[in-house]
Amino acid sequence: MLRFSLSELLQLLKNFCFSFSGKMLEKILILLCLTSAAAGQLCKPDASDGYKVRLSIKTALGDQAYLWDEKEMFLFRSTMAYAMRGQLNQQFDVSNIIVCEETARVSFWFVVTSPLNTSNLVDKKSVEEAVRKHRNRINSAFLLTDETLEFEGIPRTLEAPFTPDTPPWLIVFGVVMGAVVAGIIVFIGFSVVQKKRKKNKKTPEDEDSEEEESRGKTMENGAANEGVYNMSFTDEERFTRI
Amino acid sequence: MRFVLANPGLDNRIPSYKDLERTEEEAGDRPKWDNKAQYILTCVGFCIGIGNVWRFPYLCQSHGGGAFIILYLILLVLEGMPLLLLEFAIGQRLRKGSVGVWRSINPYLTGIGIGSMLVSLLIGLYYNTLIAWIMWYLFNSFQNPLPWSQCPLNDNGTGFVPECQRSSTMDYYFYRVTLNSSTSIAESGGIHWPIVVCLLAAWTVICICYIRGISTSGKAVYVTAILPYIVLTIFLIRGLTLKGALSGIIYLFTPDINELTKPTTWLDAGAQVFYAFSLAWGGLISFSSYNPIHNNCMQDAMILTAITGFTSIFSAVVTYTVIGFRATENYDSCISDNILTLLNAFDLPEDSITTSNYEAAFHHLNSSNPDIVFGLGIKPCDMQKLLSEGVEGTGLAFIVFTEAIMEMPGSPAWSVLFFVMLFCLGISTLFGNIEGVVVPLKDLKMLPKKWPQEAITGVTCFIAFIISLLFAQHSGIYWVTLFDNFAGSVPLLTIGFFEMIAVVYIYGIDRFNEDVKFMIGYKPSIFWQVSWRFTSPLVVLVILVFYLVTQSQEELTYLVWDPKSDQFPSLASVPYPSWINLIIFILAGIPSLTVPAYALCRLVFVYFKKTNN
């Protein structure tokens, strides 16, 4: 891209303009040239009220990346105008968004002129607020995200991390603890029931042995070799079976 | 060597062969295994713990990869297997828990059993805290997106909390959200209630699994011992399909022969074998005592050694596929960031620098505009350095693995799977741990005999829960590291050494050989004889001495998470406060010294009794 200094440009234009006859045409042409020169003066790198924009289309879209040409630039300028209209409620137009310093990276600077007075720039703060408010719409116009469509110096409004109302871990914890406590109660209940059953088995046995003792005692007078029922003999029986 | 110390009255204290045959046929009141598989699974679950998954891969990688593996396997057979068979055989022969066994050999040796019980108690306390952290992560894995994938916003919503921004989301979630760690072990900072809740969950789960002793825990091991292998296989298959997995595996197995000349490598390998087998905890002796008398314990010892060796290497491979993947991801994003910086600085079109021509482009730009490039502050991307950031211990599971899982599609499912595996690994080790605490308590008659097994388990778990609230403080992680370093190192080595001396020279190696012959039908071969008498005690003694010498020479420091330090986000190394020496003595000294202390006390007691009579 050829670069012209301001004076050189004016000189060229003057030569061009004077080569034509007709003062009207001359005046119009000079006016046009001067406004574009003035616009060039408003938009420059590190402008106090301008922002640098950087697009990473290939990173975001890969094979489906579109080419960045003047149609896309027009879309950008109109999107910015839309954002400014939403912010300041004034009739911004595409011509109010001035772009310069385009690079092959696809990065450029832009400034916003006020529709009431085109030589005044809208202040940086309003531009920033407009961008932040409409960031989503601007991003979706280009199928990009906050990282791939960067406005240098405008921080992203980050989405708060999603926190559900009841922490999910409490639910899982409740389930696990419920199962474990239920299991403990079942086990303890089971062992208590088993002990009761054992006791019930023993008490009928005790009654039997008492009956047999009394039978033995009543029979003492009759059969001498019956004797009293002796528990120790039953134990030996168990061993001898082996 | 026929050297045996005089041991009068031994035959009166231990059951004779006839008694053993008789009790074998009768139904005793001692618990029994339902089948052999339960016993093997319980032992496998006990030996394979969380340490296999994270401690062994780290040691492998920091001590020369393939060379360390060979060294580890050699020491596994030389040092671990003989001591394992010793514990199995003595438990099966004398049919008592750890205190009962040593008391039967000689009442003066009861100190070994008490030492084992104390070690099991101390280790169990901090081990269950690790399980509580794993449960916290497990409970929090049931949501999408995972809570450790996002940083919280700062007050005005323009950026993230600085502590999170400067380190990473995983670090922040672990140190701040989960633990809320203070900056030193001295600042307790109060109790962090999510950890209390998780500790409660952990202790109640272990209580219910062990509530009736091995009859309940023996059923639980079918899940807790087998599930980790299934999950490891799934992770292996998943890991091998990840990008960069092979570079991790190659890094792990690349042998560095120079490492074999360093003594610390041998020290670490020997110590790792000891911890891998959970020797000297007392649990293995207890488990073997429930076996039938003619169970082939030699075969069991060899099977268990093979399984432990295989599992260590298997989990190392799985871990390093994941570490390789994470390192490759970090490397790729480092290169992309550098490319973006260069493109933005020089306003070049997007496609001009790619990963393939990055080096050439960088050199070209550096030579044409060196000051601009220097001003950008581009960091060089080093793959080797990223691979060597295989952080050990708690850092590996909760930071490295969670980061890798976040990159996998369907991350909540992988996260649940991973933490369920860690949970099963931990809890199956804890069964053996609790066995090593509860059974000696019963043998020492410290709890009323009338209490049923459920009450004993419940009371033990409850008291342990109260004590482990120490780890629920804000400084809890530093206490866990302290316990891990000191309660789980020196006492195990000393008790293991005493065990071998007691069996070989006080019980008598000849008698022991006869016992093994009675139990399995043939005498142990020359390999076992040499190992029991010379090799294993020598190896353990050398490791112990070297360990003590190196530890006493270093100043005791620990790593803290301090956002205000210069090295943040790396952990800062600060010295311990002076009162920590007392704590270390309680953790490491008291269990080790119970053996001579008890013998001495008993000597004094018997002497006074004699003089009174």
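## A cross-chain tie within chain B

Arg212(B) is partly exposed at 26% relative accessible area (buried is under 20%, exposed over 50%, partly exposed in between; 1.4 Å probe, protein chains only). Arg212(B) forms a salt bridge with Glu454(B), with the closest N and O atoms 3.0 Å apart (a side-chain nitrogen of Lys or Arg within 4 Å of a carboxyl oxygen of Asp or Glu). Arg212(B) sits in the loop between helix 10 and helix 11 of chain B and Glu454(B) in helix 22, so the pair ties together parts 242 residues apart in sequence.

## Model basis

This is a predicted model: local features need pLDDT of at least 70, side-chain atom pairs count only at pLDDT 80 or more, and totals for chains, interfaces and linings use all residues. Residues are numbered from 1 along each chain, chains are lettered from A in the order written, and side-chain values use heavy atoms without hydrogens or water.

## Salt bridges in chain A

Arg54(A) pairs with Glu152(A) in a salt bridge, the closest N and O atoms being 2.4 Å apart. Arg54(A) lies in strand 1 and Glu152(A) in strand 4, so the pair ties together parts 98 residues apart in sequence (helices are DSSP runs of H or I, at least four residues; strands of E, at least two). Arg54(A) is buried at 6%; Glu152(A) is partly exposed at 39%. Glu150(A) joins both in a salt-bridge network.

## The A–B interface

The buried area is about 2,900 Å², with 69% from carbon and sulfur atoms (accessible area, 1.4 Å probe, lost on putting the two parts together, summed over both).

The interface has 2 salt bridges. Lys52(A) forms a salt bridge with Asp347(B) at 3.8 Å between the closest N and O atoms.
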